[in-house]
Amino acid sequence: MAMVSSIGLLSPANNSYKFWEDPSFIKWRKRDSHVPLRSHDSLEGSLRYWYERSNVNFLNSNDAVWNDDAVVGALECAACWVKGLPFLQSLSGSWKFFLSSSPENVPANFFDGNFDDSAWDTLPVPSNWQMHGFDRPIYTNVIYPFPLNPPYVPSENPTGCYRKSFRIPREWKGRRILLHFEAVDSAFLAWVNGVHIGYSQDSRLPAEFEITDCCHPCDSDKENVLAVQVMRWSDGSYLEDQDHWWLSGIHRDVILLSKPQVFITDYFFKASLDEKFLVADVQVEVKIDGPKDSPEDVSSILIEASLYDNEGWHDCATNEGKVDLTSFNVANMELKSPPAGSLGFHGYHLSGKLEGPKLWSSEHPNLYTLVILLKDAAGKLLDCESCQVGIRQVSRVHKQMLVNGLPVVIRGVNRHEHHPRVGKTNLEACMIKDLVLMKQNNINAVRNSHYPQHPRWYELCDLFGVYMIDEANIETHGFDLSSRFKHPTQEPIWANSMLDRAIGMVERDKNHACIIAWSLGNESGYGANHSAMAGWIRGKDSTRILHYEGGGSRTSSTDIICPMYMRVWDILKIAKDPTEDRPLILCEYSHAMGNSNGNIHEYWKAIDNTFGLQGGFIWDWVDQGLLKEANDGTKHWAYGGDFGDMPNDLNFCLNGLTWPDRTPHPAMHEVKYCYQPLKTFLLENMAVKIQNAQFFDSTRAIEFSWVLQGDGCSVGSGILDLPAIAPQCSHLIELQSSPWYPLWEACAAKEIFLMVTAKLKYSTRWTKDGHVLASTQLCLPAKNAVTPHVINLDKGTLLSERVSESLIITKQNSWQIKVNTRTGTIDSWKVNDNVVVTQGVFPCFWRAPTDNDKGGGPNSYFSKWKAAFLDNISFQTSHFSTKELTDNTIQISTVYYGLPKDLLKSDDFEKVSEDSNSILFKVDVSYLIYESGDVILHYKVSPNIDLPPLPRVGVVFHVDKSLDCVKWYGKGPFECYPDRKESAHVGIYESSVEDMHVPYIVPGECSGRADVRWVAFQNKDGVGLFASTYDDSPPMQMSASYYSTEELDRATRNEDLVKGHDIEVHLDHKHMGIGGDDSWSPSVHEQYLVPPVPYSFSIRLCPISPSSSCQDIYRSQLPR
């Protein structure tokens, strides 16, 4: 009667009980959580399966697709998951689909086997239905996409109805049949042949049901019909308020699994190591499922467990068809007797020893294959299960987390499951692409934000060597905005649901070596339910540590201090707090939204030099843009609101280190540099110290090379002959014994740089040989004084002529400069009839605001800039004069007053005096124009002291569109800014203006290059304009773009940008940092701000021809 009653209650026709709004009802007839089951047919088959499944490397990432091809790719991947498993069958493919407006409005009896679904649409499974034209994606960060009224959800609740036919293979006759859903968002009911088989919530964990009695016999001609009803919203949605897209449907694989009547249903592998890590005690606890009507059938079973070393497999890869994988057996485990005097059943425990275990770590991801055999009393194989395991020890001592006894540093990133075309559906090649990029950029850890991810992700992290925090699918961030409702963690009615999610995660993922910490979820407050979760996990698994940031990141439910976005100075305070025993690992930091990740090197200065600081996880990995087709057929990355979704949080989903197609942002260079495990330092005595910051690997497989550069040109290079540097050790190269010493002694360059590079000698799973692991540039003092060459000016006179409001200065048959006498600036500049400058040189203090500039509401830099009219300045000329200093030199002097444009339109303008507070800037400019074509600009800038920190202090001008080849001597070759330039080396680089543009999905300030000494803009014939710092002015920030500052500020999408008629050039004496500690408060560190104080700087401009040497020009000096 209970089953009949439950079926009645869960019937779609029963409108009186909305079970999807009942937090106490989270599952029905759902099997207990367990590890992934594979049901091998033999020992050899299990080993062969893992042999093939572990045969992945960086080449597989080339198959990653991010466009419409991913739809088919996802189905192909789903079919591959069951390859080599005769007792598994994938149900992935095309399903019949109908979207109803609510659970109450689904088609009547659509779950019946004879229901006519011929008029329904088809939908690929796995998928999110919003990614195939049904309903709409919704992006929110904190706020729920529906009114907060737990546990109730909107009556308008899109509900997907699915139908799929299948047959049971004849070979499965007499076996039990399990139906396994890897993940369904958000809650669902399922029927087989019209029989209601179960209900489940939790959008990121499996749901499994036994359907043996519901299926037609194997030898029947009848097809079985699976029907599924998926509700977009349920009470479970209140626990799933993560900062990502709300997408629905059967988004992971659906699998049929066949098992014998008695079978292995779960197992937990553990290894404990002796003090010297030379012997491992290995054990596995096995759970057996037998017929419920005759439990005595399990009394005579035999259980065996063995470990096989995977490392030897690679040595015989060429003999794949002949190799005996069973020969790699290294340990066998035997069934242990229960403790003497113990009462009750204690489970099946097998144990053994492994001498000289190969330990798993991020640097050495050694794996073993665990195989468990279930046999009957006669020794006949009944069942076989297997998985990959690693032997490693995770522990905690005073202010340190240890892996295999060493305080590894977490160089991490947060990762959402996100594909721009298929949403939350996973493709193996795309997961591999993520891991390859992570490893190639020195990322060694990932936090699964904020839910358990696809099972293959864990297998790949085991293989590639990535430390992992596995996180429960719990986030209730939106409750922070409520004045009526407590966080669910404080309410008993949610306890079972929250605990179930933690249990489900641990039970599924417990055998993965990569997982070093379990997380209780994200941004869900703190309360008794978290304490219960922590207690259960600690009781279940003592081999890992616990993580939870909620409640202030220092509660009793976390074994590490794990704040998010805490400033450097504050993490240092905690690390030095003698009362705090736990290590600090930032669970989120360096918010990578748009042009960001400034200051990250400041964090790593602290982490690398402070006991108790052990790393962190950048937020986050990928821009969560979705591929959307515009009316003209073009496609672009869409963000919140682009689908008509309300409410939404706009582009706050775009905060990754990569674009949606995994093209790295320029900031990835800085991450790679800060995370590099090999550090190079220049000591006071000019000795070079190379430090191996790895914990387990020597430098035996690394080749070190050096390059000495003088003024950007190579002076010499070579391979360093170094001994292998042991982990956590260093090697010193004394100056006089170094191979660059004689070259440095003889070098007459003004600037000398030494670059030391570390490359891999051999290919690895994640990259090919020659990969640059680390690269550092050191500035050596100049050995020999350099006397600049003084230009000899011709005695021929310059011609100057006033025409209307223009002063035209000419050197016959060479160049012509037209100066506007009203504005006091250069209007145009021609060189040999080629126009090089099209709009004059003006002071500039504004930049197109970045996402970080806008963060903080009224306290943001952007708001303060707007309030101070920095975006709306007009420069009025109060003084203009010319003076012929000699026959070959003319001086032009101008004084500008920077005023709000609105003031100029009002009657108050006439009342403005020189000392008026309405004046934002006074700028004194002096031009020295030489007959050589050189123009020296001397600027004195006096800002109003009441102004906020300035975006920039510099000049802006426009060059002709034909001057699209940019060559510069400074930091590069990629985009860099004052607080994000550690990874950029000083050198001579070339780029087109087109390639300099960085296509952030939401435009803003971009394409800058830091510490530029000189820059040249040339056309295809080599004619153009040279610009450099002059006199004692320091290197400048430079950018060149087809897009004006106004255009970068106007457009809300990169594809909306409209190119100008020329190229806008910025040369900045000072440029404010871009920040990145977070994106919702002013976060540029003080040393990278530009305060409103007086500045003086000089810039040199001159025409160049194909034969010009920019370095020679830079080295030359004009007569005083």
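Ala, Val, Leu, Ile, Met, Phe, Trp, Tyr, Cys and Pro count as nonpolar, Asp, Glu, Lys and Arg as charged, and the others, Gly among them, as polar. Keep that sorting in mind for the pockets below.

What you're looking at is a predicted model, where local features need pLDDT of at least 70, side-chain atom pairs count only at pLDDT 80 or more, and totals for chains, interfaces and linings use all residues. Residues are numbered from 1 along each chain as its sequence is written, and side-chain values use heavy atoms, with hydrogens and water left out.

Let's start with the whole chain. It has 18 helices and 58 strands; these are DSSP runs numbered from the N terminus, with helices being H or I of at least four residues and strands being E of at least two. The C-alpha trace spans about 110 × 70 × 55 Å along its principal axes. The radius of gyration, taken over C-alpha atoms, can be set against a globule rule of 2.2 Å times the number of residues to the power 0.38. For 1120 residues, a compact globule would come out near 32 Å, and the chain's 34 Å agrees with that. Of those residues, 62% count as buried, meaning under 20% relative accessible area with a 1.4 Å probe and protein chains only.

Now for the pockets. On a 1 Å grid over the protein atoms alone, a pocket is an open set of points where a 1.4 Å probe fits, with protein on both sides within 12 Å along at least five of seven lines, and lining residues have an atom within 4 Å of a point. Points are joined across faces, edges and corners, and the volume is the space filled by probe spheres set on them.

The largest pocket has a volume of about 1300 Å³. It is lined by 43 residues, and Glu363, His364, Pro365, Thr764 and Trp766 are the closest to its centre. Helix H4 (311–315) and helix H6 (455–464) are the elements that give two or more residues to this lining, with H4 giving the most, 3 residues. By type, the lining splits into 20 nonpolar, 14 polar and 9 charged residues.

The second largest pocket holds about 700 Å³ of space. Among its 29 lining residues, Trp604, Asp608, Asn609, Lys679 and Phe681 are the closest to the centre. H10 supplies the largest share of this lining, 6 residues. So where does this second largest pocket lie? Domain 3 (395–665) and domain 4 (678–780) both give residues to its lining, so it lies between them; the domain bounds come from an automatic or database assignment.

Note on methods: Buried < 20%, exposed > 50% of the residue type's maximum accessible area, 1.4 Å probe, protein only.
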